[in-house]
Amino acid sequence: MASEPVNVSEFEALAKKALPKMYFDFYAGGAEDEYTLKDNEEAYQRITIRPRVLVDVSRIDTSTSILGYPISSPIMVAPSALHQLANPEGELATARASAASNTIMVYRGRHIAANLVERAERSGYKAIVLTVDCPRLGRREADIRNRMIVPKLKNVEGFVSNDVDAGGGSNLEAYANSTFDPTLSWKDVAWLKSITSLPILLKGILTHEDALKAVEVGAAGVIVSNHGARQLDYSPATITVVEEVVRAVKGKIPVIVDGGVRRGTDVFKALALGAQAVLVGRPIIYGLAAKGEQGVKQVIQMLKDEFELTMALAGCTSLKDITRSHVRTDRDRFQSML
């Protein structure tokens with residue numbers, strides 16, 4: 001009998017065994033050389049933690065709130081596609097595990113249309129996340145090589161079709177090319193605001209300039225994301241630009257970071273650099289593939305437990321105690337040599 005995973009990274013090996021190669025590669029792969037895919041994780045490893053000692057840490061509070069909604073910790077489930085490839089219950093299993101873990105699951109809204117927004121409002125969704133970094137599909141060579149096949153998208157039946165001719169290649173690429181909108185621009189955020197009262201978060205912000213623009217157009221929050229390194233290779237690792245974005249928004253809207261989180265220490269580092277919460281993507285999918293709903297719960301709980309322990313060992317009893325002085329980055333080290 002195989003031993004139980006003791007950290008979230010070990011779920012990846014279990015998922016690789018459980019899934020067909022085409023599906024595992026779809027989840028695990030990135031764009032082109034996969035430089036950014038590797039750097040999303042490695043950038044966290046280059047940040048060190050500066051702990052405080054002789055602090056009473058007998059009680060640790062990891063709770064927080066996002067847009068006014070309380071959650072048990074600043075760890076949320078990232079939007080990711082096609083959960084049913086990992087498990088027949090798909091997003092339903094992930095959503096149940098998120099609810100049981102008292103956290104938030106972000107649903108993907110790739111094609112913004114009035115009927116989708118109306119459906120979200122009727123279903124009780126609390127916010128809209130607009131993915132802004134997909135005017136076209138990134139070059140995902142594993143999917144091209146595997147001739148990735150996308151199943152029917154039941155949640156958008158009736159107004160979006162993925163019956164496309166792949167011409168012998170990946171029908172994911174063909175589907176994206178037929179449905180992605182390369183004309184999407186800042187004016188579409190204003191249009192979206194005009195048809196919904198729900199707060200709108202923009203996912204895919206990586207620069208000071210775009211963060212400022214997000215505030216100007218009335219976004220309720222920004223998600224620092226490079227789309228899991230699946231779009232533009234050699235874009236920056238997300239954790240390396242969190243401070244830039246945080247400085248730009250000046251506390252006017254929350255900043256959430258997505259990509260590369262594999263440890264509770266990563267969560268701590270993100271918060272120390274100014275993020276209000278993190279999104280976790282691939283580990284959730286790997287947990288779902290390996291053990292279904294229970295696997296997702298395990299992944300979330302592992303990260304929460306590690307985060308709580310990190311807070312205790314760093315001398316922080318609540319999230320407000322986590323400050324910039326608790327971490328040291330490459331830039332800090334460089335500046336100290338000047």
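Reader: Leaving aside neighbours within four places in sequence, which residues is S318 in contact with?
Author: This is a predicted model, where local features need pLDDT of at least 70, side-chain atom pairs count only at pLDDT 80 or more, and totals for chains, interfaces and linings use all residues. Residues are numbered from 1 along each chain as its sequence is written, and side-chain values use heavy atoms, with hydrogens and water left out. Contact means heavy atoms within 4.5 Å. With neighbours within four places in sequence set aside, the contacts of S318 are D61 and M311.

Reader: Is S318 buried or exposed?
Author: S318 sits in the loop between α12 and β10 (327-328). Buried means under 20% relative accessible area, exposed over 50%, and partly exposed in between (1.4 Å probe, protein chains only). S318 has 14% relative accessibility, so it counts as buried.

Reader: Which strands does helix α12 touch on the sheet?
Author: Helices (H or I, at least four residues) and strands (E, at least two) are DSSP runs, numbered from the N terminus. Two strands pair if DSSP finds at least two bridges between them. Six strands form an open sheet with parallel pairing, in the order β4-β9-β8-β7-β6-β5, and its edge strands, β4 (75-77) and β5, each pair on one side only. Helix α12 (residues 282-314) packs on this sheet, touching β4 and β9 (277-280).

Reader: What angle does the direction of α12 make with that of β4?
Author: Axes are lines fitted to C-alpha atoms, for helices over the stretch in contact, and angles run from 0 to 180 degrees between N-to-C directions. For α12 and β4, the angle is about 165°.

Reader: Why is strand β6 largely enclosed by the rest of the structure?
Author: Let's look at its partners: four bridges join β5 (residues 128-131) to β6 in parallel, with V129 opposite L201 and T131 opposite K203. Four bridges also join β6 to the parallel strand β7 (residues 221-224), where I205 has V224 as its bridge partner. As for burial, β6 (residues 200-205) is largely enclosed because its buried residues number six of the six.

Reader: Which helix makes a right-handed β-α-β unit with β6 and β7?
Author: A crossover is right-handed if, with the strands pointing away from the viewer, the path from the first strand over the helix to the second runs clockwise. In the unit with β6 and β7, the helix is α9 (residues 208-216).

Reader: Which residue does UniProt list for "active site"?
Author: The residue lies in the loop between β7 and α10 (242-249), and at 6% relative accessibility it counts as buried. UniProt positions are given in the numbering used here, feature names are shortened, and annotations may be inferred rather than shown by experiment. The unreviewed UniProt entry lists H227.
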